Amino acid sequence: MPTPSPASAPIRRLTLRDLTACADLSEDRGWPREEHKWGFLLTAGTGYGIDDPGGGLVAACTVTEYGPHGRPSLAAIGMVLVAERHARQGVGRRLMRHVVSELGTTPLTLHATPYGRPLYEELGFKVTGRAEMVRGRFTPVGPEPGIATRAATAEDLTSILRLDEEVFGADRTPIVTRLPAFADQLRVAEEDGRIIGYAAAWPNMDTHVVGPLIARDTETAKALIGSLAAGTDRPLRTDIDVRHEELLAWVRERGLAVVAPNAVMTYGITELPGDWNRRFAPLTVAAG
């Protein structure tokens with residue numbers, strides 16, 4: 001039997017057994033291995049991949065669905081990777097076409113690098129926003145925001161879920177309920193006993209990634225970032241919607257530099273649901 005080429009090899013669902021192969025694929029393309037994030041995405045969502053006859057994966061991506069089970073109202077595509085030795089051979093295009101077809105009429109979103117954007121545009125995705133990845137050691141400067149924050153407790157989960165769905169525009173229960181185990185810190189902002197924002201900081205290689213970041217306003221977002229920074233000695237990383245100009249300026253003043261831009265793209269909808277004014281950063285760009 002001839003060995004199938006990557007252009008015709010079957011596309012299959014990935015599981016946690018593929019975690020090392022996914023991390024190897026990241027490393028092959030010069031990305032960090034990010035096993036912690038891969039494990040989260042493969043557990044909370046669905047992975048798709050093409051096996052390399054020589055071992056490992058030719059290509060992979062993840063899909064995270066939001067909304068009612070079996071009837072998602074939104075799906076995020078992320079971690080789209082093709083092994084260097086198989087690049088520019090149409091493998092990524094084939095994988096993406098398959099995933100888009102699998103998701104049917106479900107509206108889609110993804111964050112695209114300048115390198116990946118032409119492929120997504122070819123498939124019908126439209127740029128509807130932008131985000132900037134910032135990274136660095138957070139150094140407090142000037143007066144702290146006067147918003148009270150504290151560590152989240154199990155009793156806060158119902159309020160966090162309610163606020164998150166209101167702001168994100170879709171039910172993210174499978175994601176949010178995994179945060180206490182996934183993140184090193186989960187904090188809420190309060191006013192008069194009511195939760196007005198929440199944020200997590202989760203480990204990613206040598207950094208802590210801040211996300212999700214949901215807040216009533218910019219001052220609340222600042223307070224949450226500052227409180228998370230106080231709880232770690234690692235550099236922070238996060239991806240902030242560029243419309244939040246004040247927050248971007250604030251984190252830059254405190255040591256975080258812009259390291260990469262991303263285009264926020266959608267398919268089947270003209271803009272993301274929810275309230276962008278209170279949605280400051282995603283859990284990870286791979287999950288929308």
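How many bridges join β10 to strand β13? Two bridges join β10 to β13 (residues 279–281), and the strands run antiparallel.

## Basis

This is a predicted model, in which local features need pLDDT of at least 70, side-chain atom pairs count only at pLDDT 80 or more, and totals for chains, interfaces and linings use all residues. Residues are numbered from 1 along each chain as its sequence is written, and side-chain values use heavy atoms, with hydrogens and water left out.

Strand β10 (residues 207–215) has nine of its nine residues buried (under 20% relative accessible area, 1.4 Å probe, protein chains only). Strands are DSSP runs of E with at least two residues, and helices are runs of H or I with at least four; two strands pair if DSSP finds at least two bridges between them.

With β9 (residues 194–204), β10 pairs in the antiparallel sense over seven bridges, and A199 has L213 as its bridge partner. The two strands form a hairpin with two residues between them, where M205 in the turn has a positive phi of about 55°. Towards β13, I214 stands opposite R279.

## Aromatic pairs

The structure holds six aromatic pairs (ring centres of Phe, Tyr or the six-membered ring of Trp within 6.5 Å; planes under 30 degrees apart are stacked, over 60 edge-to-face, the rest tilted). The centres of F40 and F182 are 4.1 Å apart and their planes stand at 35°, so this pair is tilted. Both F40 and F182 are buried.

Y66 and F168 form an edge-to-face pair, at 5.0 Å centre to centre and 70° between the planes. Y66 lies in strand β3 (residues 57–66) and F168 in helix α5 (residues 157–168), so the pair ties together parts 102 residues apart in sequence.

Key:
Buried means under 20% relative accessible area, exposed over 50%, partly exposed in between (1.4 Å probe, protein chains only).
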